[in-house]
Amino acid sequence: MRRRTFVFIVTLALLSWAAFTYRLFLQRPQGKAQRSIKFQQQLELLEVELKDQLNSNNELLGLLQNFRSKYSNSIQILKNSTQDSLSNSDFSNVVIGVLVFACNRVTVKRNLDQLLKFRPSPQQFPIIVSQDCGHEPTTKVILSYGDQLTLIQHPDQSDIPLSGKEKKFKGYYKIARHYGWALNETFFRFNFKSVIIVEDDLDIAPDFFEYFLATHPILHSDPTLWCVSAWNDNGKDSLVAFEPELLYRSDFFPGLGWMLTKSLWIELAPKWPKAFWDDWIRQPAQRRDRACIRPEISRTKTFGKVGVSNGLFYEKHLKFIRLNDKAVPFTKQDVSYLKKDNYDVAFVKQVYGAPSVTLSQLQRGNIDHSEPVRISYENKDVFKKTAKSLGLMDDFKSGVPRTGYRGVVSFMYKGRRVYLAPPADWKGYDPTWS
């Protein structure tokens, strides 16, 4: 009985083992196959996803390439249109404020009469007269023009306490205070984007407004420019060519009828000086290597011999400045040559391509041709000596000679173009030259 039971148990164990082994070895390959099939399906799915991603990337790459092409074309078109706009601008929508500074000269009438005579449009060139001093006779003259202009009056007539040697310069302190207030009013209250500054002792040329209107686009488009001036510091009859259409870039701030933008005033206003604003504006910290446009023949001329400066330079120089009397249609001309990228290459080629001569050769006329020539200077003393000998203004402001560009002063001498120039490897202005 026990033996039969033992045999039964052993037989059952063997059968169970056989069944287990069969299940283990028979069904295991089937699991691998299933997993293999599942893995293959995942690979196929991943392949599909990768193909989809690749297609998406190709589409994105195509879009980017298309955008880049359009962007590059747009930039080129913009460059071309900017270039073309300087010669084909529609000036009808340009508005430029005219700010006249007045104090106690009833002769402001002479200036205002000319502004109104030559102004092409009151809407395009609205005139604001800013009066300091509270001089009643001058106020009456200004008010007599009625709605042809707007009068604003400086509210701060308080004294400016000064001591010592500064007392004799009080007038310059009052002028700077007046300028700061009036420019704030013009740009922030009247909200002009550009303003032409005119002093009450200036005569203006017939094409005064045409000149500023034509140069307005380039002033706003070229960041290397910061003003347009109507004045040539060396603009005496004997020193200019009778070619009123000639315009130049100048590192020297000329003033005496000049245009600036609101963006420049926003930059200068917070640090506006208490006195001598014109010398201050010529300092490197303000100029920042920017230039002004100026004409060959001045579009303004001062008749103010008596003033705060006590006629400084007037008898020796200012009264001999030539005022242009031939109108030039600047708005119909291409002035894009004044942009720095265009101007500098041609300018350097003209100056340093001209043969070098000595001062004595020029004065004796010992030159066998009539083409432009160059006189070199290497230091301040040589420049001043040469300038005086030729009738040029010989002073420097923060190291910059009057009308200078890249250190070069261009002028006429006995009908010949002359460049008073530093060496070709010029390193920049020396602020210690004064």
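**Exercise 1.** Against which strands and which helix do the buried residues of H3 pack? Work this out on the predicted model, beginning with the residues of H3 that are buried.

*Solution.* Helix H3 spans residues 136-143, and its buried residues are Thr 138, Thr 139, Val 141 and Ile 142. Viewed down the axis of H3, these buried residues fall within an arc of 160°, so they line one face of the helix. The face turned away from that buried side carries Lys 140 and Leu 143, which are exposed. The partners of the buried residues are strand S1 (97-102), helix H2 (108-118), strand S2 (127-131) and strand S3 (150-153).

**Exercise 2.** Decide whether Arg 402 counts as buried or exposed, and find the side chain with which its own side chain makes a polar contact.

*Solution.* Arg 402 is located in the loop between strand S13 (400-401) and strand S14 (409-413). Its relative accessibility is 8%, and because buried means under 20%, Arg 402 counts as buried. The side chain of Arg 402 makes a polar contact with that of Asp 395, at 2.7 Å. Leaving aside residues up to four places away in sequence, Arg 402 touches several others, including Asp 233, Phe 252, Phe 313 and Val 409.

**Exercise 3.** Describe the sheet that contains S14, giving its strand order and its edge strands.

*Solution.* The sheet is open and consists of 3 strands in the order S11-S15-S14, with mixed pairing. Strand S11 (373-376) and S14 are the edge strands, each pairing on one side only. From one strand to the next, the twist averages 30°. S14 pairs with strand S15 (residues 416-421) in the antiparallel sense over 5 bridges, and Met 412 has Arg 417 of S15 as its bridge partner. Helix H9 (residues 340-353) packs on the sheet, where it touches S11 and S15, and its direction makes about 100° with that of S15.

Note on methods: Residues numbered from 1 in each chain as written. Predicted model: local features only at pLDDT ≥ 70, side-chain atom pairs only at ≥ 80, totals over all residues. Heavy atoms only, no water. Buried < 20%, exposed > 50% of the residue type's maximum accessible area, 1.4 Å probe, protein only. Helix = DSSP H or I, 4+ residues; strand = E, 2+ residues; numbered from the N terminus. Arc of directions from axis to C-beta. Contact = heavy atoms within 4.5 Å. Polar contact = N/O pair within 3.5 Å; in protein donor to acceptor, adjacent residues only side chain to side chain. Pairing = 2+ DSSP bridges. Axes fitted to C-alpha atoms, helices over the stretch in contact; angles between N-to-C directions.
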